[in-house]
Amino acid sequence: MAGDVASPLALFGAKLAGAIGGSVVSIAYLLPSGRREAAARFLTGAVTGLVFGGPAGLALAEHLDLAGRIGAAELALMGSAAVSLCAWWALGAGQRFTDGLFSVAALKRSVGR
């Protein structure tokens with residue numbers, strides 16, 4: 001399995017499946033507040049999974065000592081899903097933080113008057 005040669009289309013398909021899978025699975029953990037937020041976070045997760053899935057898969061495989069045991073398609077799938085999941089969480093947490101930050105600032109301004 002480790003020495004298999006995957007076609008570029010198979011690698012792209014694995015990255016796409018991982019990126020979409022990571023975004024979809026993460027919906028259960030951090031629900032978006034609306035359609036616009038869901039679309040933005042989903043697209044960002046998919047794009048980051050496609051772009052950074054390969055290097056992230058290699059890094060994860062080295063960290064988990066799987067580098068010689070799994071093939072290129074599995075590395076791409078694993079990395080894309082991880083990057084997509086992380087991007088989704090970062091955007092969701094950042095959105096919630098800034099919403100809270102600006103609501104506190106608005107509250108302080110209204111109380112200060």
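Q: How many salt bridges does the count come to by the rule used here?
A: A salt bridge is taken to be a side-chain nitrogen of Lys or Arg within 4 Å of a carboxyl oxygen of Asp or Glu. This is a predicted model, in which local features need pLDDT of at least 70 and side-chain atom pairs count only at pLDDT 80 or more, whereas totals for chains, interfaces and linings use all residues. Residues are numbered from 1 along each chain as its sequence is written, and side-chain values use heavy atoms, with hydrogens and water left out. By this rule the count comes to two.

Q: Which residue does the side chain of Arg41 meet in a salt bridge?
A: Arg41 is buried, with a relative accessible area of 2%, where buried means under 20%, exposed over 50% and partly exposed in between (1.4 Å probe, protein chains only). The N to O distance is 2.4 Å, and the partner is Glu37.

Q: Which residue does the side chain of Asp65 meet in a salt bridge?
A: Asp65 is found in the loop between α2 (35-63) and α3 (72-112), and Asp65 is exposed, with a relative accessible area of 55%. The N to O distance is 4.0 Å, and the partner is Arg69.

Q: What pattern does the protein chain follow when read along the sequence?
A: Helices (H or I, at least four residues) and strands (E, at least two) are DSSP runs, numbered from the N terminus. The protein chain has three helices and zero strands. Read along the sequence, the pattern is therefore α-α-α.

Q: At which residue does α2 bend?
A: The 29 residues of α2 have end C-alpha atoms only 36 Å apart, short of the 42 Å that a straight helix would reach at 1.5 Å a residue, the expected span being 1.5 Å times one less than the number of residues. The bend, which is the angle between axes fitted to the seven residues ending at a residue and the seven starting there, is about 60 degrees, and a proline, Pro55, follows within four residues of the place, which is Phe52.

Q: With which residues is Leu50 in contact, leaving aside its neighbours within four places in sequence?
A: Leu50 is found in helix α2 and is partly exposed, with a relative accessible area of 23%. Contact means heavy atoms within 4.5 Å. With those neighbours left aside, Leu50 is in contact with Phe12, Lys15, Leu16 and Ala19.

Q: How much of the protein chain counts as buried?
A: The protein chain exposes about 7100 Å², and carbon and sulfur atoms supply 72% of that area, as given by the Shrake-Rupley method with a 1.4 Å probe; for residues, only the protein chains shown count as cover. Of the 113 residues of the protein chain, the share that counts as buried is 25%.
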